[in-house]
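Work through the exercises below with the sequence and the model open. Try each task before you read its solution.

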Amino acid sequence: MEEALRRELGTPVLRPTGHLGGGCISQGQSYDTDCGRVYVKSNSKAEARRMFEGEMASLEAILKTQTIKVPKPIKVIDLPGGNTLFVMEHLEMRGLNRHSAKLGTQLADLHLHNQQLGEKLKKEESTVGKGQGQMEVQFVDQFGFHTVTCCGYLPQVNDWQNDWVTFFAKQRIQPQMDMIEKNSGDREARELWAQLQLKIPSLFCDVEIVPALLHGDLWGGNVAEDDSGPIIFDPASFYGHSDSCRQQLNQGMEKGMNSSLLKAGCWWTLRKKLLQFYKARKMFEGEMASLEAIQKTNIVRVPQPIKVIDLPGGGAMFVMEYLKMKHLNKCSSKLGEQIADLHLYNQKLGEKLRKEGSTVGKGAGHSESQYVDKFGFHTPTCCGYIPQVNEWQSDWPSFFIRHRLQAQLDLIEKDYGDREARELWSQLKLKIPEMFCDVEIVPALLHGDLWAGNVAEDDSGPIIFDPASFYGHSEFELAIAGMFGGFSSSFFSAYHSKIPKAPGFEKRNKLYQLFNYINHWNHFGTGYRGSTLNVMRKLLK
């Protein structure tokens, strides 16, 4: 791949920086070239070129407005064997924090840009000697886009329409409903949509809608910042109604909605998560048990779980407390402290137990919560939709190898039979125990899936949700928190002020990242194969 990339970019210099990234759809890696640092996304799906070309066109359109910073797109490259690359400028990004207000202002400017072009055009046409030919960017008077874009991995047709209602009903809702009909034939959804589509035009009476250039997938995972201000990325642009972008932002950042769950078949309505596939009850029962365990510590806020309900015809529903959440911002440092306290909670119970046991007239029965001296959990939990066995083990390396890495690699073997992964794993599993020499590990209650999409805040402080808890090594929690962005440096500083890094932390962090890369490979396909194998090779050095 690197030789082809060097040739396509016309650069003699191409050095991996070690900066890995990616999300639910594609994997990514940064390289130093003689023209500066670039970020390369890769995807092996058949539709990858179309997806990347849509993203490149979206970035180019936003870039031309000069209203908000995006990575500068460079080139889409097809590789022999079916993989496709998208090369763009590398930006040093961190989670959105100080620049939230500025992002709001700049997005409004982006949405107003085309309208202001139209006003300028009218003004110039009414002035002698001026006309549209002098406009730097062309005014767009229809709804759509000049190419197909993808929201997630689903392609979106952007054929031009004269009115927004027709575009939105025909090219946004109807295609999604067609897929629901094809995959599940849901009668109730079909009947409701038949009624709703007749009412949609009435929702736009007396509303003047000027086509606005939209990002198109503006959730919390697609925004960031650097020292100069906000950054947005991974767009699926089109000219539409600016309110539709605001809805995405509300859903993705305030409600903490996990869009990958929607793609896996989940619905989120009034904070009831409705899952229409096999073993939904097991997944929700694991989540409920996880929320209950975290809640009992009285350390960090979670939604109070209420009940798991089986649905007629299959599937299940999980009802929980509604919390009005917003994107984690001011409370990052406090969350770092609270996660450290959560990880120390069981250790402190053990210290209290020993103290009570050595005091006349007191015993273990006086401790309010039970100390846990093994690694595991009393019920299976699910990371994504993959169930995790949590049978108790006396030592952490045995638990982690057997119930986390081996279990994930068994799925890779079953689905892909990947020879290189198999060979690297046969070497790596022999070396894992030595990474834990001279490290004392007390079982810590973990959230279990602590990425930026599962944390939030309200006016009272931080909130965490969607856990897949178990008692494990506290360092495990930090791997995914550091992989995909969304956590500021203040979170990690506050955490390590209470739990300092132990010797060998960085190598073990890579080991724990390996679990998450394999888990993403199992969930989202071979786009994560390269990252998985690269981490395995580094751990073997």
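A residue is called buried under 20% relative accessible area, exposed over 50%, and partly exposed in between, using a 1.4 Å probe and protein chains only. The model is predicted, so local features need pLDDT of at least 70 and side-chain atom pairs pLDDT 80 or more, while totals for chains, interfaces and linings use all residues. Residues are numbered from 1 along each chain as its sequence is written, and side-chain values use heavy atoms, without hydrogens and water.

**Exercise 1. Cysteines**

Task: Classify Cys437 and Cys35 by accessibility, then state how many disulfides the structure holds.

Solution: Start with Cys437. Its relative accessibility is 48%, so Cys437 is partly exposed. Next, Cys35 has a relative accessible area of 73% and is therefore exposed. For the last step, a disulfide is counted when two cysteine sulfur atoms lie within 2.5 Å. A search of the whole structure finds zero disulfides.

**Exercise 2. The chain as a whole**

Task: Find how many helices and strands the chain has, and what share of its residues is buried.

Solution: Helices (H or I, at least four residues) and strands (E, at least two) are DSSP runs, numbered from the N terminus. Counting them gives 15 helices and 21 strands. The chain has 541 residues, and 50% of them count as buried. Contacts are taken next, where contact means heavy atoms within 4.5 Å. Among contacts with a separation of 6 or more, 63% join residues 24 or more positions apart.

**Exercise 3. Asp32**

Task: Locate Asp32 and list its contacts beyond four places in sequence.

Solution: Asp32 belongs to strand β2, residues 27–33. With neighbours within four places set aside, Asp32 touches Val13, Leu14, Arg15, Thr17 and Arg37. The side chains of Asp32 and Arg37 also make a polar contact of 2.7 Å. (A polar contact is a pair of N or O atoms within 3.5 Å; within protein, one must be able to donate a hydrogen and the other to accept it, and residues adjacent in sequence count only if both atoms are side-chain atoms.)

**Exercise 4. Aromatic pairs**

Task: Count the aromatic pairs and describe the one formed by Trp164 and Phe238.

Solution: Rings of Phe, Tyr and Trp (its six-membered ring) pair if their centres lie within 6.5 Å; planes under 30 degrees apart are stacked, over 60 edge-to-face, and the rest tilted. The count by this rule is 29 aromatic pairs. Trp164 is in helix α4 (residues 164–184) and Phe238 in strand β11 (residues 238–240), 74 residues apart. Both Trp164 and Phe238 are buried.

**Exercise 5. Another pair and a charge**

Task: Why is the pair of Trp396 and Phe470 stacked, and which charged end sits over the ring of Phe470?

Solution: The ring centres of Trp396 and Phe470 are 6.4 Å apart and the planes stand at 5°, so this pair is stacked. Trp396 lies in helix α10 (residues 396–415), and Phe470 in strand β21 (residues 470–472), 74 residues apart. Trp396 is buried at 1% relative accessible area, and Phe470 is buried at 0%. A charge sits over a ring if NZ of Lys or CZ of Arg is within 6 Å of the ring centre and within 35 degrees of the ring normal. The charged end of Arg404 sits over the ring of Phe470, 4.3 Å from its centre.
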